[in-house]
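Subject: Structure for handover

Hello,

Please find the structure below, with its sequence. My notes on what was found in it follow.

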Amino acid sequence: MSELVPGGNLPLPEGAVTVRVPGPFDVSALVTDDDGKVRGDADFVFFNQPSAPGARLAGDTLTVEPRRLRAGATRVTVVVSAEDPTTPLVRLPAPVLQVTGADGRALARFAPPRPRQETVLLLAEFYRRGDGWKLRALGQGYADGLAGLARDFGVDVIDDTPEAGVPATAPRTASGTPFGSPAPHPAPAVPHRSHPATGSHSPDPALAGFLGLVNSARSKAGSPPVSLDPRLSDAARAHAAAMASAGRLGTEGPDGVSVHQRLTATGYTYITVGEHLVSGPRDPSEFVEYCLRTEQPRRTLHDPAFTDVGLAYVKGGRSGDTYWTALWARPLTAAELARTVDEVVRLTNRERTGAGLPPLAVDPLLARAAQGYSTDMAVRAFYSHTSPEGSQPWDRASAAGSTRRMIGENIARGQRSPAEVVEGWMNSPGHRANILKPDFTHIGIGFAGGGPAGTYWTQMFGA
């Protein structure tokens, strides 16, 4: 399997090829000619128009059969955007493109640089070269969203008062027909998607006063106040319901979904996260009392790193108990990610200098490989130095463009801060040996939130 970098390309085998982008994203595709423009409505494949000649969309997976594309088609561009259009891509897990051949064999993987202000991202393109077809990794984003698509692909954008079932901003092709209009080219109406992250639930009167109790306790501990976030409350509600249905507490429900996966599914991405999973309290005051009585729950409630909180409870279930979930988090931003990465490097180098070794320099290529791997582990919910396709650390470093002769890797999951993860590595003989290896000269760090464990960390070393 190939690990692609922006601009990298891959010859494609004959037959159908599938590309998948797991996570809270909408995948779509644009079929174009040599001029790079769409011809009409049928050239835009998206969630409410999921098929065109040679292209078929099913959920997060797009299948392309190049030989069956319409006459004149020479390119299919794969586009990704947030499933919730109000959520910027920077607040979601980084999209990862997975490419598979007709025989089910993994062909390639592409983890683009993490989006910043972009709202629409061109991930890759199928393109004809002579008698064959290739796939090229792109990673190009538009901060102006649909306007960027209009500029490059001839897709018009209308911004009118919405009709029933049609968003205020809807795409249309160069033919002038909005997607969702009944004429002259009938196309299915573009529905308005309902997203749990919008906080559509009415506030529960039973939860009134919770924030005041929490912020009063935090103030006494010298911590800043937190704010209620509806996405955290929605994820907490879903997890409390899952625990009630199973009749037991746990970070994973009977559906196999972890509390952290429920949170990232709302579109909330975090740099740190904490949770309280409790049964028994009858109201928010008893819940807060419980948290303040016990050391670990008290530390979470007081943690100054958290800025947002969500709380929910579900009564009943098999046991008749009341199940509570509180989620605490700080949102992921580019600045927060950079600060976290820098702190891991600083703490790692402090251990090295304390052992009489020179500090490690940051290598952007190793950092790209490390970030891509942390994201992959979080999105695909696995944890191993060997990826599901069999790639090893040196394979990932090479795919990112590194030519270093010696590669090492530390991974970790579940730790909530740079200090916690570096301490954990130093307490493990194998990980400690990598950090203190005299031959290593460079380092790259990756971090991603999500997956069953909540956080995934990667250190990649090189010499």
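Strand β18 and strand β19 (residues 322-331) run antiparallel and are joined by eight bridges. Helices (H or I, at least four residues) and strands (E, at least two) are DSSP runs, numbered from the N terminus, and two strands pair if DSSP finds at least two bridges between them.

Before going further, some notes on the source. This is a predicted model, in which local features need pLDDT of at least 70 and side-chain atom pairs count only at pLDDT 80 or more, while totals for chains, interfaces and linings use all residues. Residues are numbered from 1 along each chain as its sequence is written, and side-chain values use heavy atoms, with hydrogens and water left out.

Overall picture

The chain has 11 helices and 23 strands. Of its 463 residues, 51% are buried; buried means under 20% relative accessible area, exposed over 50%, and partly exposed in between (1.4 Å probe, protein chains only). Among the contacts with a separation of 6 or more, 67% are between residues 24 or more positions apart. Contact here means heavy atoms within 4.5 Å.

Around β18

Strand β18 covers residues 308-315 and contains G310. The bridge partner of G310 in β19 is L327. These two residues are 17 apart along the chain, and their C-alpha atoms are separated by 5.2 Å. G310 counts as buried because its relative accessibility is 0%. Leaving out residues up to four places away in sequence, G310 touches D229, L232, S233, A236, T325, A326 and L327. Strand β18 also pairs with strand β16 (residues 227-228), where two bridges join the strands and the direction is parallel. In that pairing, L228 has V309 of β18 as its bridge partner.

Helices α5 and α6

Helix α5 (residues 284-293) and helix α6 have axes that come within 5 Å and cross at roughly 110°. The α5 helix is therefore roughly perpendicular to α6. Axes are lines fitted to C-alpha atoms, for helices over the stretch in contact, and angles run from 0 to 180 degrees between N-to-C directions. Angles under 35 degrees count as roughly parallel, over 145 as roughly antiparallel, 65 to 115 as roughly perpendicular and the rest as oblique. On the α5 side the contact is made by V288, Y290, C291, L292 and R293, and on the α6 side by E295, P297, R298, L301 and H302.

Helix α6 spans residues 295-302 and includes T300. With a relative accessibility of 11%, T300 counts as buried. Beyond four places in sequence, T300 touches R218, G274, E275, H276, F306 and W328.

The four-stranded sheet

Four strands form an open sheet with mixed pairing, in the order β20-β22-β23-β21. Its edge strands, each pairing on one side only, are β20 (361-362) and β21 (407-413). Strands β22 (residues 442-450) and β23 (residues 454-462) are antiparallel, with nine bridges between them. One of the bridge pairs is G449 with T455 of β23. Helix α7 (residues 334-354) packs on this sheet and touches β20, β22 and β23; the direction of α7 makes about 135° with that of β22.

Strand β21 pairs with β23 in the antiparallel sense over seven bridges, and I407 has G462 of β23 as its bridge partner. Six of the seven residues of β21 are buried, so β21 is largely enclosed by the rest of the structure. Helix α10 (residues 418-426) lies across β21 and β23 and runs at about 60° to β23.

Nonpolar cores

A nonpolar core is a set of buried Ala, Val, Leu, Ile, Met, Phe, Trp, Tyr and Cys residues joined through side-chain atoms within 4.5 Å. The largest one has 36 residues, of which L62, L97, V99 and F126 touch the most other members. Apart from it lies another core, of 23 residues, including I271, V345, I443 and A463.

A backbone detail

Residue A381 lies in the loop between α8 (364-380) and α9 (393-399). A381 has a phi near 55°, a positive value in a residue other than glycine. Most residues other than glycine have a negative phi. A381 is partly exposed, its relative accessible area being 37%.

Regards
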